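Good morning, everyone. I will go through a few contacts, one by one.

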Amino acid sequence: MKPLLPKQHGAWAMLLVPFLLGITSSAFTSTHVPLFLGWLFLYLSTYPLLMLVKGKKKKEYYKWSGIYVGFTLLFLAIVLLNEWEMLYFGLMMIPLFFVILYFAKRKKERAFLNDVTAIIVFCIGGLASYYLGAGSLDKQGWMIAILCFLFFLGSTFFVKTMIREKKNVAFRWYSWSYHALLLILVVLFTQSLLFMIAFIPSVIRAFTLYGKKLTIMQLGVAEIVNSVCFLVTIIILV
């Protein structure tokens, strides 16, 4: 039985990077295992659920929605039995999920605001991971979440200029303006010049790769490499 997987492959980096940084910048606990599995299955469930919201009532969407949601509830129940305070992170996500459902219902999943909403959800997952290891949300935990948000917002701008908005001159300037300010924003939030290192590849590729005829595969590989560089650099700096 072939599993039904989300088609937005770039979202895997958003799923993993904030969560892993939440662990590496705090401390690993055994509860991180069911938390990650619950987080993973929650993500997997979004695709069939959104297809149902869009009115595509296929049997496989019902089946995989049930399977993924079932595993999500199972693993997150284990987390709550150990750390009931983790419930607050789920409550933080609820209004954001309604925004995502709103865009799905209108078949506008590629809308920029929808992408930003999804990034915030993934960053909350990173906050949950950090809280589980640190026992509180301190300045460092919020800093990691903000850095992830800034990084993936840049990725969203870049990918859109290369695919869906590649003929939109105004959006190109939005992307370039954001990346031109990105390093300044990083320094302001971290109060350190060192964290700029993690964002320099993003800034360079936003300007140098724009207009290049890259295949979807090449673009995906470039973003994966950039995400890994970001992850490793932040781990080293924190």
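Which residue forms a salt bridge with Lys54? The partner is Glu109. Their closest N and O atoms are 2.6 Å apart. Keep in mind that this is a predicted model.

Now look at where the two partners sit. Lys54 is in the loop between H2 and H3. Glu109 is in the loop between helix H4, residues 87-105, and helix H5, residues 112-134.

Lys54 comes out at 18%, so Lys54 counts as buried. Glu109 also has 18%, and Glu109 counts as buried too.

How many salt bridges does the structure hold? Three. Let us take the other bridges in turn.

Asp115 forms a salt bridge with Lys160. Here the closest N and O atoms are 3.1 Å apart. Asp115 belongs to helix H5, and Lys160 belongs to helix H6, residues 139-162. They are 45 residues apart, and again the pair links distant parts of the chain. Asp115 has 18% relative accessibility, so it counts as buried. Lys160 is buried as well, with a relative accessible area of 8%.

Next, Glu223 and Arg205. Their side chains meet in a salt bridge, at 3.0 Å from N to O. Glu223 is at 12% relative accessibility and counts as buried. Arg205 is at 7% and counts as buried.

Now to charge on the surface. Which residues gather in a patch of positive charge there? They are Lys7, Lys56, Lys58 and Lys107. Pick out Lys56. Lys56 lies in the loop between helix H2, residues 32-53, and helix H3, residues 59-82. Lys56 has 37% relative accessibility, so it counts as partly exposed.

On to the rings. A pair of aromatic rings is described by the distance of the centres and the angle of the planes. The count comes to 25 aromatic pairs. One of them is Phe112 with Phe171. The ring centres are 6.0 Å apart, and the planes stand at 80°. Why is this pair called edge-to-face? Because planes over 60 degrees apart count as edge-to-face, and these planes are at 80°.

Phe112 is partly exposed, with a relative accessible area of 28%. Phe171 has 8% relative accessibility and counts as buried.

Which residues form one aromatic cluster? Phe41, Trp64, Tyr68, Phe71 and Phe75 do.

One last stop: Gly66. Gly66 lies in helix H3. With a relative accessible area of 45%, Gly66 is partly exposed. Now find Thr117, which is 51 residues from Gly66 along the chain. How far apart are the C-alpha atoms of Gly66 and Thr117? They are separated by 24 Å.

Technical notes:
Residues numbered from 1 in each chain as written. Predicted model: local features only at pLDDT ≥ 70, side-chain atom pairs only at ≥ 80, totals over all residues. Heavy atoms only, no water. Patch = residues over 30% accessible without salt bridge, like charges linked within 9 Å, V, L, I, M, F, W, Y side chains within 5 Å. Areas by Shrake-Rupley, 256 points an atom, 1.4 Å probe, with all protein chains shown as cover. Salt bridge = Lys/Arg side-chain N within 4 Å of Asp/Glu carboxyl O. Lys, Arg positive; Asp, Glu negative; His and termini not counted. Charge placed at Lys NZ, Arg CZ, Asp CG, Glu CD. Helix = DSSP H or I, 4+ residues; strand = E, 2+ residues; numbered from the N terminus. Buried < 20%, exposed > 50% of the residue type's maximum accessible area, 1.4 Å probe, protein only. Phe/Tyr/Trp six-rings, centres within 6.5 Å; stacked < 30°, edge-to-face > 60°.
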